[in-house]
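Open the model in your viewer and keep the sequence panel beside it. The tour goes from one selection to the next and says what is at each stop.

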Amino acid sequence: MAKIRDRMEDFKDATHRAALSSGFTESKLAATMASFIMHKPREISPFTKAAMRTLESIEALDQFLLKHRKDYLDLHRTTEQERDSIEHEVTVFIKTCKEQIDILKGSINDEEAASKGWLGIKSQSSNADTIAHKHGVVLILSERLHSVTSQFDQLRAVRFQEAINRVTPRRKMKRPATSNSTGSGKSDNNNLQFKDEKLDVGEPDDDIRANSINLQHQVMDDDTRALQLELGGLLDAVRVTETKMVEMSALNHLISTHVLQQSQQIEQLYDQAVEATNNVDLGNKELSQAIQRNSSSRTFLLLFLFVLTFSVLFLDWYS
């Protein structure tokens with residue numbers, strides 16, 4: 001058995017001589033060899049850069065919520081103004097992230113529209129896999145933003161529930177006070193009626209002064225009862241408003257969950273449509289091949305019959 005000889009060094013020497021004879025210098029040759037070894041990194045597309053910035057914004061929002069979670073939930077750590085400022089900053093964060101995702105969706109739609117030729121027919125240069133990949137990236141960003149916003153909705157629901165719990169005991173405490181003030185008002189009315197009867201009979205000036213003082217107290221009590229009734233109505237309206245806000249937050253979370261489920265279903269439908277398109281293309285190829293086989297078999301059959309007929313005629317003539 002013949003031994004295998006390593007000719008790699010000879011090949012390198014021949015390549016080096018051919019490069020020098022072609023006009024390459026030693027430095028240019030070394031740079032060319034280095035470019036073969038160390039490949040340049042691929043340039044990142046603008047869509048990928050925008051998607052990375054959006055992901056960084058969502059991660060920053062998540063870190064912000066984790067950092068201020070205790071401050072937002074604990075009443076003894078922050079005031080209502082600070083909690084409102086935290087909520088405002090989170091809302092601005094979410095709005096910015098949604099705008100960035102909408103910009104990415106618009107760029108994908110523009111690319112799809114540009115890839116279509118005249119009469120809406122896709123050109124051969126369009127890359128359906130790249131567009132599908134971009135749709136998947138946008139879907140992942142939307143799911144990530146939805147998970148972060150759902151956490152914030154839970155925190156806000158806890159805050160609203162605490163506000164409702166703070167309002168409810170106050171209403172229970174003010175109702176007995178209102179009933180007591182009503183009872184005192186009734187006694188004052190009875191005293192006034194009694195003193196009016198005395199005035200009709202004829203009382204001295206001291207009774208008249210006392211009567212005027214009691215009348216002023218009655219007016220003040222009526223104003224107090226009216227204010228208490230108005231405050232009770234305002235507290236009822238505040239409680240109803242807070243309850244509706246909690247319900248709206250829960251409905252918003254439910255709607256966002258259904259939207260996410262619909263987006264997942266749309267993605268599945270898109271994958272199925274792509275798979276069906278591929279199956280149709282394969283079916284068309286198989287049909288074209290079957291048509292070619294059918295035409296070739298017909299040609300072979302006609303040729304065979306022609307040769308067979310010619311052979312029979314030749315044998316008949318020969319005999």
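**Before selecting anything**

This is a predicted model, in which local features need pLDDT of at least 70, side-chain atom pairs count only at pLDDT 80 or more, and totals for chains, interfaces and linings use all residues. Residues are numbered from 1 along each chain as its sequence is written, and side-chain values use heavy atoms, with hydrogens and water left out.

**Stop 1: the whole chain**

Show the chain as a cartoon. It has seven helices and zero strands, and along the sequence the pattern reads α-α-α-α-α-α-α. Helices (H or I, at least four residues) and strands (E, at least two) are DSSP runs, numbered from the N terminus.

How many of the 319 residues of the chain count as buried? The share is 19%. Buried means under 20% relative accessible area, exposed means over 50%, and partly exposed is in between (1.4 Å probe, protein chains only).

The chain exposes about 24700 Å², and carbon and sulfur atoms supply 61% of this area. Accessible areas come from the Shrake-Rupley method with a 1.4 Å probe; for residues, only the protein chains shown count as cover.

Among contacts (heavy atoms within 4.5 Å) between residues at least 6 apart in sequence, 75% join residues at least 24 apart.

**Stop 2: colour by confidence**

Now colour by pLDDT, the predictor's confidence in each residue, from 0 to 100. The chain average is 76, and 78% of the residues score at least 70. Which helix has the lowest confidence, and which the highest? Helix α6 (residues 128-201) is lowest, with a mean of 66, and helix α3 (residues 46-67) is highest, at 89.

Select residues 171-182: the pLDDT there is below 50, and the stretch has eight contacts in the model beyond near neighbours in sequence. Residues 191-204 also have a pLDDT below 50, with ten such contacts. Where pLDDT is low, the predicted coordinates should not be read in detail.

**Stop 3: helix α1**

Select helix α1, residues 8-21. At 1.5 Å a residue, its 14 residues should span 20 Å, and the end C-alpha atoms are 20 Å apart, which agrees. The expected span is 1.5 Å times one less than the number of residues. After α1 comes Gly 23, whose phi is positive, near 105 degrees.

**Stop 4: helix α5**

Move on to helix α5, residues 80-115. Its 36 residues should span 52 Å, and its end C-alpha atoms are 53 Å apart, which agrees. The buried residues of α5 include Ile 86, Val 90, Ile 94, Cys 97, Ile 101, Leu 104 and Ile 108. Arg 83 and Glu 87 are also among them.

Is Gln 100 buried or partly exposed? With a relative accessible area of 23%, Gln 100 is partly exposed. Leaving aside neighbours within four places in sequence, Gln 100 is in contact with Arg 53, Thr 54 and Ser 57.

**Stop 5: the salt bridges**

A search of the whole structure finds three salt bridges. A salt bridge is a side-chain nitrogen of Lys or Arg within 4 Å of a carboxyl oxygen of Asp or Glu.

Show the side chains of Glu 59, Asp 62 and Arg 144, which are linked in a network of salt bridges. Arg 144 meets Glu 59 at 3.3 Å, N to O. Glu 59 is in helix α3 and Arg 144 in helix α6, 85 residues apart. Arg 144 also meets Asp 62, at 2.7 Å, N to O. Asp 62 lies in helix α3 and Arg 144 in helix α6, so this pair ties together parts 82 residues apart in sequence.

Glu 59 is partly exposed, at 31% relative accessible area, and Arg 144 is partly exposed at 26%. Asp 62 counts as buried, at 10%.

Next, select Lys 134 and Glu 111, which form a salt bridge with the closest N and O atoms 2.7 Å apart. Lys 134 lies in helix α6 and Glu 111 in helix α5, so the pair ties together parts 23 residues apart in sequence. Lys 134 is buried, at 14% relative accessibility, whereas Glu 111 is partly exposed, at 29%.

**Stop 6: a surface patch**

Finally, show the surface and select Phe 300, Leu 301, Leu 302, Phe 304, Leu 305, Leu 308 and Val 312, which make a nonpolar patch of about 730 Å². Patches are made of residues with over 30% relative accessible area and no salt bridge; like charges are joined within 9 Å, and nonpolar side chains (Val, Leu, Ile, Met, Phe, Trp, Tyr) within 5 Å. Leu 302 lies in helix α7, residues 205-318, and counts as exposed, at 60% relative accessibility.
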